[in-house]
Every structure is written in structure tokens, then in C-alpha cells.
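Please look at the two chains below and read the notes that follow alongside them. They are grouped by topic, so that each point can be checked against the picture.

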Amino acid sequence: MISASSPEPAPGRTKLAIRGLSMMFRGADAEVRVLEALDLDVREGEFVCILGPSGCGKSTLLNIVAGFLPPSSGTVRIDGEEVRGPDPRRIFVFQERGVFPWLTVEGNIGFGLGRLPKTERGKRIRHYVRLVGLEGFEKAYPHELSGGMKQRVEVARALAVDPDMLYLDEPFGALDSITRLEMRRELLRIWQAEKKTILFVTHDIEESVQLADRVVVLSARPARIRRIVEIDLPHPRDLSSRRYLELRDGIFEEIGLAHRV
Amino acid sequence: MKPRSPLEAVLLPAAAAAAIVALWWAAVAWTKTTVFPSPAAVAGGIADLARKGLLFAYVRDSLLRVAAGYGAALAVGIPLGVFLGWRPRAARAANPVIQFLRPISPLAWIPVAIVLFGVNDSAAIFLIFLASLFPILVSAMNGVRAVPAMYRQAGENFGLPRRALLARVVFPAALPEILTGLRIALGVAWIVVVAAEMIAVNSGLGYLVIDSRNAGKRYDLVVAAMLLIGVIGLLLNVLVQRVSRLRAVRWGFREEAS
């Protein structure tokens, strides 16, 4: 039952190009190789999940792409330009722990909007408060919010500066499973509305198949790309459809996990 | 935090204080001491001081000295501590010196203070400055060092230049720990002002203690001074605690009982 029609984003311009990317860390008595010779292209507007077992180096990869870490060798180019540091055009979303606890919801969402005139700033804050469904909590502090709400604040803070890419590092890992499903749906809605290119790191196979246009499956450390799986399913995805299960099980097998626990 | 009833917040501590005063009174009556004053004698002593205009003047002088010394410690300690916390290499260089100076009691500096400033206000203020400097400096340094890398990265990600990163991310993130240092420092400053006033000046609550003892063994005034010192210390602590309840720093104090 393989659907012939391709999923929404038509093959577009290359946004991100990773070439020959390797990373080594100097350990106590030996060098630890974390990433080895990665090549990856991501198209504009694409939603790509980086999937791999815990500790395989996928967060390191995201940190390098975001410009927080310089790679040992290889290059990361975005729009043809080499990445040399963090950039407000591309925002990194941590788990909900990245929200600033000393600022209100409004203060957090407006954090990156310092250069805008006050009225414009207020307008944008209101827009993103609404987008992530936090009306009525504008004056609340993060410690007064639930984990899911904090995560929304962080996503809204990222979106408010209108970046063209979002990097998400296991953003929903700390949430309960129901909130996690809800957040995935919201993220997809936002992605479709705002047309961002998204790089999403996760160790959750189901999550990657539910969200991504393509899933990049990494090996254990040192991480190499084992396979790139096209998820040719339109949104909203039916999680009991034959094709969904087929793709999911294919990845399970690829990673070498049995079907039974 | 559990909301407390007014009974627990006010009545219980008041009852405990009343019990101690009653005990003190009973002990004085029972031992028939002529040296140690009864609560009534102390109350009389305080009234005496108020009549002579000394009560207000002494409290004011002590508070002004603390304000000067503590204020100077804030002005030096916070920027220096933030700088050291921000530059790990500078912190590694300075830390042994700080840790060496810190355990030396401010009282051990008294002779040095007198040599440097003479027997006057400046010597007392210097001692208060020294005593409060270290808790402030160390808490600012550690507070900045302990700021999670994630906050800095997020700040950098939004394109903040260094100065703005310090002002808008690092400092507010370190503020709860800095406030803890400020609170400890204010307590120490209040302890040290009393000691400094016994040696270097002739006004203030510390001077009142030593002068009442030396000039006519007025123990009612000695104990009156002690009571005033205690009450003002308590009020200062309450004041600083108020600051740490502000909502922008409240997140850093959630586990702390007040």
C-alpha cells in the first residue's frame, strides 16, 4: 500500500548542507569520536528528524549545526554560507528548561525582540501567545506553569524572532505522554503555518515517523548516517495506517530493535 | 509553600518571646541579683536613653555606618564577583587569595584598621566593608559561574552582544544566589558594627554596650543595647527576605523556608 503521491513539501532549494562533518572530544585518556563523516542536505521548509540511540552524538550534531560547537572537521553551510556561531535567524529550542525563569511569559516571548518599537513588539508577543495557546498567562512566571506550557513558551520565544530554521533537541522528552502527543500536533500546525525548516533531534522512533518528512537514522557512537527514510505520508497522519506501521517497523529493524519487548 | 495562618506567623513567636521574658524576670527575682537587670529595669533604661535623645542618635549612627560599609562592599563586591565568575581564568587566579582572606575574622583587622584610619568612623566603616565584602564577592562569583550554559547559549542565539548577555541573562540568572550572599553579608555587617563601635568610635549601639559597662556598670543599659541590636538585626533580615520574595527572583528560592 505505498501511496504514489509525494508528501507536501516539493523538492525545493537546499537550505542546509553538511559535508564531511566529524567531531572528536578529548577525553581523560583517549579521544572520543562522536560523529564520523556525516553528509546531509536539508531542503527549505523541510521537517527532518535526526534519530538515534541515547548518547550517539545527535545532540552534538545539532549543537554544531547551531554554531555552539565548532566541528573537528567538515563544514556546515546554510544558504551557502558557512556557520561560524549562533545566529538569530536560526533558533535552538532546548527542553523546557531553556525558558528564562526570571521573566514572565511575555518577557520570555519578547526576549529576542529588543530592537523592535514597543507597539510592534507588543503585537508580536500577543500573536505568539495566541499561537501557542497561552492567553491569560502573559504575566505568569515559568515556575508557575506546567512543563508543557513552559515548552510552548520556549517555542513561542523562538518563533517570535521569525527565524527561518528551528533546531529542537528532544524538546518534548520531559513531558508526559499525552502532553507530548498534543505538543507534536501543535508543532506540526505551527510548522505548516509558519513555513520553517525544522531539524528535530529525538530518540523516539514513533515521534520521528509522526513528525518528519525524512528521518535520518544515526548509528551508535561514533555516529554515521545509517539510512535516510522518506516518510511519504500526508498530514494529519493516521497512526494505525498500514504505511505508517510499515515505515515505523522498518526503522525499528534498522536500529536493530525487536518488535517485542 | 503552605500558607500559614496568622496564629502560626505572629502569635506563636510572640508567645515564645513572652515566655523567655517571663523566665528572665523570674530568674532575676529568684536569684535576687543586683548586677543583672530585670526586664522592667531594661525598659526603664531604654526610656532613659530616649529621654536623653541618645536612643535615636545611637541607632542612627550604627545604621549609617552599616549603610556606608555595606554599600561600599556592594559597589565593589558585585561587579568584581560578576567579573570573576564570567572569566574562569581570573577566578582561578583570584580564588586562592579570596579563600585565604575570607576566614580571617574581621575583628582581627581591627589593629590594621586603626593604623590605616585612626580611631574614628572610617576605621569602623572599613571593618564593616571588609566583613560584608567576602560573602557578596563569593556569592556573585559562584552565582555567575553556576549559570546553566543553556541560558547563555539561548542569549547568544538571540544575538545578544556580550554586555547585553551579562545584563539580560547572566546577572538575572545569578541574582538569587547573589541575594543570598547579600543577606548573609548584611547579618555579618550588623554583627561587626557592634564590635567596631566598641573600639573605634564614641557613638552607636556597640559604643553604648561598652560605655555603659565602663562608666558606672549600668547593666540595664548594656542589656537595653543588646535588645536593640537584636531587634534591628531581625528587622534587617526581614527586609532582605522581602526582596527575595519578589516574583522575578522567587524561582531561585523555592526550597528555602523563610
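Over residues 1-9 of chain A, pLDDT stays under 50, and for this stretch the model has 16 contacts beyond four places in sequence. This is a predicted model, and the predictor's confidence over chain A as a whole has a mean pLDDT of 88, with 93% of its residues at 70 or more.

**Confidence in chain B and in the complex**

- In chain B the mean pLDDT is 90, and 97% of the residues reach 70 or more.
- Among the elements of chain B, the lowest mean pLDDT, 77, belongs to H11(B), while the highest, 95, belongs to H3(B).
- For the complex, the predictor gives an ipTM of 0.86 together with a pTM of 0.84.

**The overall form of chain A**

- Chain A contains seven helices and ten strands.
- The radius of gyration of chain A is 19 Å, which is close to the 18 Å that the globule rule gives for 261 residues, so chain A is as compact as a globular protein of that length.
- Taken along the principal axes, the box filled by the C-alpha atoms of chain A is roughly 50 × 45 × 35 Å.
- Of the 261 residues in chain A, 41% count as buried.
- Among the contacts in chain A with a separation of 6 or more, 70% come from residues 24 or more positions apart.

**Backbone details in the loops of chain A**

- The peptide bond from Arg221(A) to Pro222(A) is cis, with omega near -10°, and Pro222(A) is placed in the loop between strand E9 (214-218) and strand E10 (225-230) of chain A.
- Another cis peptide bond joins His235(A) and Pro236(A), where omega is about -5°; Pro236(A) sits in the loop between E10 and helix H7 (242-255) of chain A.
- Asp79(A), in the loop between strand E4 (73-78) and strand E5 (81-82) of chain A, has a phi near 50°, a positive value in a residue other than glycine.
- Because 13 other C-beta atoms lie within 10 Å, Asp79(A) counts as partly exposed.
- Lys195(A), in the loop between helix H5 (177-194) and strand E8 (197-202) of chain A, also has a positive phi, near 55°, and is likewise a residue other than glycine.
- Because 11 other C-beta atoms lie within 10 Å, Lys195(A) counts as exposed.

**Where the two chains meet**

- The contact between the chains takes 16 residues from chain A and 16 residues from chain B.
- On the side of chain B that touches chain A, helix H7 (149-157), helix H8 (162-199) and helix H11 (247-250) of chain B each supply at least two residues, and H7(B) gives the most, with six residues.
- By class, this side of chain B has ten nonpolar, three polar and three charged residues.

**How helices pack in chain B**

- The axes of helix H3 (residues 54-86) of chain B and H8(B) come within 9 Å and cross at roughly 145°, and the crossing is right-handed.
- The residues making this contact include Gly69(B), Ala73(B) and Trp86(B) of H3(B), and Phe171(B), Ala185(B) and Trp190(B) of H8(B).
- The residues of the contact of H3(B) with H8(B) divide into 15 nonpolar, two polar and two charged.
- H4(B) and helix H6 (residues 121-145) of chain B pack at an angle of about 145°, with their axes 11 Å apart, and here the crossing is left-handed.
- That contact is made by Ala91(B), Ile98(B) and Leu101(B) of H4(B) with Phe134(B), Leu137(B), Val138(B), Met141(B) and Arg145(B) of H6(B), which divide into seven nonpolar, no polar and one charged.

- Helix H9 (residues 205-214) of chain B is mostly covered, since seven of its ten residues are buried, among them Leu205(B), Tyr207(B) and Asp211(B).
- The buried residues of H9(B) pack against H3, H8 and helix H10 (219-243) of chain B.
- Just after H9(B), Gly216(B) takes a positive phi of about 95°.
- Ile104(B) lies in the loop between helix H4 (88-101) and helix H5 (110-117) of chain B, and it counts as exposed because it has 11 C-beta neighbours inside 10 Å.
- From C-alpha to C-alpha, Ile104(B) and Ala131(B) are 9.4 Å apart in space, although 27 residues apart in sequence.

Definitions and conventions: Residues are numbered from 1 along each chain as its sequence is written. Chains are lettered from A and ligands numbered from 1 in the order in which they are written. This is a predicted model: local features need pLDDT of at least 70, side-chain atom pairs count only at pLDDT 80 or more; totals for chains, interfaces and linings use all residues. Helices (H or I, at least four residues) and strands (E, at least two) are DSSP runs, numbered from the N terminus. The radius of gyration is taken over C-alpha atoms; the globule rule is 2.2 Å times the number of residues to the power 0.38. A residue is buried if 20 or more other C-beta atoms lie within 10 Å of its own, exposed if 12 or fewer, and partly exposed in between; C-beta atoms are placed from the backbone. Two residues are in contact if their C-beta atoms, placed from the backbone, lie within 7 Å. Ala, Val, Leu, Ile, Met, Phe, Trp, Tyr, Cys and Pro count as nonpolar, Asp, Glu, Lys and Arg as charged, and the others, Gly among them, as polar. pLDDT is the predictor's confidence in each residue, from 0 to 100. Axes are lines fitted to C-alpha atoms, for helices over the stretch in contact, and angles run from 0 to 180 degrees between N-to-C directions. A crossing is left-handed if the near helix is turned anticlockwise from the far one by less than a right angle, and right-handed if clockwise.
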